[in-house]
Amino acid sequence: MGVQSLAVACGALALCLTLAGATNPGFVVRITQAGLDYAHQQGIAILEKELAHLKLPDISGDFRIRHVGKVRYELSRLDLRSFHLPYSWISLVPNVGLQVAISNAFADVDGNWRVKIHFIRDHGSFELKVENIYIKINLKLGNDASGKPTVDTSYCSTRISKVRVRFSGKLGWLYNLFHSAIESRFRKMLESEVCEIIARSVRRELQPYLQTLPVTARIDSVAGVDYSLVAPPTATAQSLDAALKGECFSLANRSTVPFSPLALSLPPDHDRMVYFGASSYFFNTAGFAYHTAGALVFEITDSMIPKGVDFHLNTTTFSAFVPQLEKMYPDMLMKLKLSASSAPFLNIGPGGLSLKPVVDIQAYTILPNSSLAPLFLLSLTGNVSAVMNVKYGRIVGSLNVGRMKLSLKHSDVGTFQVRTLQSIMNIFASSILLPRLNARLNQGFPLPLLDRIQLSNILVQFHQNFLLLGADVQYQPRV
């Protein structure tokens, strides 16, 4: 009984350690069967071209024919004129990867023959038709040390059920007597060569293409995003899922994020070819990165006030709300410095994306010698919502500001009624600050896309703790 209890305790400890070491992704990419079918179409077209360039070795040997004797033959200059893959499909194999099946493929081969019977020599040409070719390929998916995806051929089999060869020339009739032996050699040779060229094509074409997935992508001059895989891609019965780190960071000084991603489970939607799940962790690490880099600081000066606004950022305007300014700093320009006291933290739910930022507003007057004199420090809180979309392969957005609340944190010019400043601060926020923020958000966050991929038919949905983006895919081949 004691031994059993010890085993149970050790098992529970191992499970806890495993769960503790597991890393939830901040970003998930899901490829549906529709997406795999599209990728398969592109891949089969490339494979057809590869197989059409298959180099076949010369064949030689001898054969004994009754009443004729020993015949020495040679088949050379084999030219694979075409290789067609008319029927093929790709399927998901849970816990294994992907399987590609090809049926009823066919090929045409031309070549020359030479024959020697005793002292008789002759030569000519031949035509070979290979039909009913069946190919099965298993692809194993993984990730390398840098977090990039990998692919390899874990299994390949080729079966050819029909080979027909026809020789022409003076002794062509002789070849036709033992065509079955020739056809058998062709069958074995092609079955071996096809799987070799498929494995080579996976290594030379597919694997390098998968490596174009960006492990890190630059957002702008301040921040980047880590899209490395935290685990090998997972095949289920319905989709292929890739778990990415999905963590934004400061380019100048990457620091540890003080919070962890929650578990992310995408809904079973399959209308689009690909889905992206961007968690609240993904967006909040962006806020943390920009705050850490000191990028969430904005200054408002009089020159930034839109022409349609009939007041200036100076002590004359503000003396209507802070009477002491007229006496202390008569008719002087002012500057407002806005900074986030902490990294903004947003929430994502079925109702949308929202955040409640806390912004410090330090007001200064600009003295005649261009130095700054502090006036007062305000705290601004408010409700902000966001509209999200995808444009040119990037997540873009725009903010809408709801009700804002001001409070006085400190004053160097005596006490005053803060609520009287509410309307003018609303103007500064809506006409100056918000357009600048939205211009930045319109530049967007780059999505983890393979090279030469474009998205269309965009779907945007909000779920608990993550944003779901769906899209169809179009591959743009090199010209």
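Guide: The bend at a residue is the angle between axes fitted to the seven residues ending there and the seven starting there. The model discussed here is predicted: local features need pLDDT of at least 70, side-chain atom pairs count only at pLDDT 80 or more, and totals for chains, interfaces and linings use all residues. Residues are numbered from 1 along each chain as its sequence is written, and side-chain values use heavy atoms, with hydrogens and water left out.

Visitor: At which residue does helix H8 bend?

Guide: Helices (H or I, at least four residues) and strands (E, at least two) are DSSP runs, numbered from the N terminus. H8 covers residues 422-441, and its bend is about 35°. Pro435 follows the bend within four residues, and the bend itself is at Leu433.

Visitor: Is Leu433 of H8 buried or exposed?

Guide: Buried means under 20% relative accessible area, exposed over 50%, and partly exposed in between (1.4 Å probe, protein chains only). The buried residues of H8 pack against several elements, including helix H6 (315-318) and strand S19 (372-391), by contact (heavy atoms within 4.5 Å). Leu433 belongs to the set that includes Phe428 and Ile432, and is buried.

Visitor: Which element gives the most to the lining of the largest cavity?

Guide: On a 1 Å grid over the protein atoms alone, a cavity is a set of points where a 1.4 Å probe fits but cannot get out, and lining residues have an atom within 4 Å of a point. Phe249 and Phe288 are among the lining residues, and S12 and H5 each supply at least two. With four residues, the element that gives the most is S12.

Visitor: What is the phi of Asn104?

Guide: Asn104 lies in strand S5 (residues 97-117). Its relative accessibility is 31%, so Asn104 counts as partly exposed. Although Asn104 is not a glycine, its phi is positive, at about 55°.

Key. 1 Å grid on protein atoms, 1.4 Å probe; cavity = no way out; pocket = protein on both sides within 12 Å on 5 of 7 lines; lining within 4 Å.
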